[in-house]
Amino acid sequence: VPRFYWGLGLIVGGFLWFSLVQGTARLPGHWIGVSVMLACSLFFGLYGVSVRYFLRTKSPVLSFAVVAQYVSLGTFSTMVLWGDTQNIPTLDGSDWLRIAISTLLGISLGHIFLYASIRALGAAITSSVQTLTPFVTVAMAALILSEQMTRFQWFAGITMVAGALVLVVTKPPKGDPAQET
């Protein structure tokens, strides 16, 4: 589907523009950060395909509840082995409230919506639309934390939004697994 490739091209082009504008490539650690982002993209791509393949017929809420149990075991184990656990008793009520809100919004609801999107749209479109995350994060940081984006970053972000919209309205071809659900 040509529209899919146009949307994907707008997202990738906007992301590259967003990542490399105004000399950020010369900042210390920039290329390490880009390399880490590419590695994360590989693993999140595999994650999306795995969710689509193994959990396509299951409820997104139930699927994430089961996956979260396994992730919790790994997270707790690494925390005990390598974490700074002596600071846990120093956390006060507001710290625990922020942790609870972060867990609910960023992890639970985010993943349930992710699973529902993968189930409805497929892994490719869902993962492509997730490339909006850097732009959305910077836009929220501008609103909430008064961080500044350059004019070029805004244009690059709008380019990514346009690409994501093209992908969302692109219909999968007949026989595509995304239509089977």
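At what angle do the axes of helix H3 (residues 60–82) and helix H4 (residues 93–121) cross, and within what distance do they come? The points below answer this and then turn to other parts of the chain.

1. Basis of the note. The structure is a predicted model, in which local features need pLDDT of at least 70 and side-chain atom pairs count only at pLDDT 80 or more, while totals for chains, interfaces and linings use all residues. Residues are numbered from 1 along each chain as its sequence is written, and side-chain values use heavy atoms, with hydrogens and water left out.

2. Overall fold. The protein chain has seven helices and zero strands, and read along the sequence it follows the pattern α-α-α-α-α-α-α; helices (H or I, at least four residues) and strands (E, at least two) are DSSP runs, numbered from the N terminus. The C-alpha trace spans about 55 × 45 × 25 Å along its principal axes. Of the 181 residues, 23% count as buried, where buried means under 20% relative accessible area, exposed over 50%, and partly exposed in between (1.4 Å probe, protein chains only). Among contacts with a separation of 6 or more, 77% are accounted for by residues 24 or more positions apart, a contact being heavy atoms within 4.5 Å.

3. The H3 and H4 pair. Two packed helices are described by the angle between their axes and the distance between the axes. Here the axes of H3 and H4 cross at roughly 125 degrees and come within 9 Å; axes are lines fitted to C-alpha atoms, for helices over the stretch in contact, and angles run from 0 to 180 degrees between N-to-C directions. H3 and H4 are therefore oblique to each other, given that angles under 35 degrees count as roughly parallel, over 145 as roughly antiparallel, 65 to 115 as roughly perpendicular and the rest as oblique. H3 passes H4 in a right-handed crossing; a crossing is right-handed if the near helix is turned clockwise from the far one by less than a right angle, and left-handed if anticlockwise. On the H3 side the contact is made by Pro60, Val61, Ser63, Phe64 and Val67, and on the H4 side by Ile107, Ser108, His111, Ile112, Tyr115, Ala116 and Arg119.

4. Two residues of H3. Ser63, found in helix H3, is buried, with a relative accessible area of 6%. Not counting residues up to four places away in sequence, Ser63 touches Leu55, Lys58 and Tyr115. Gly74 is also found in helix H3, but Gly74 is partly exposed, with a relative accessible area of 36%.

5. Helix H1. This helix (residues 2–20) has 19 residues and reaches 27 Å from its first C-alpha to its last, close to the 27 Å expected at 1.5 Å a residue; the expected span is 1.5 Å times one less than the number of residues. Phe4, Gly7, Ile11, Gly14, Phe18 and Ser19 of H1 are buried. Seen down the axis of H1, these buried residues fall within an arc of 130 degrees, so they line one face of the helix, the arc being that of the directions from the helix axis to the C-beta atoms. An α-helix has 3.6 residues a turn, so residues three or four places apart point the same way. The face of H1 turned away from its buried side carries the exposed residues Pro2, Tyr5 and Trp6, while the cover over the buried residues of H1 includes helix H2 (30–55), helix H5 (123–129), H6 and H7. Arg3 of helix H1 counts as partly exposed at 43% relative accessibility.

6. Helix H2. H2 has 26 residues and reaches 36 Å from its first C-alpha to its last, close to the 38 Å expected at 1.5 Å a residue. Its buried residues are His30, Val34, Gly48, Val51 and Arg52, and what covers them includes H1, H4 and H5. For Arg52 the relative accessibility is 9%.

7. A backbone detail to inspect. Ser146 has a positive phi of about 60 degrees although it is not a glycine. Ser146 lies in the loop between helix H6 (133–145) and helix H7 (151–169), and Ser146 is exposed, with a relative accessible area of 54%.
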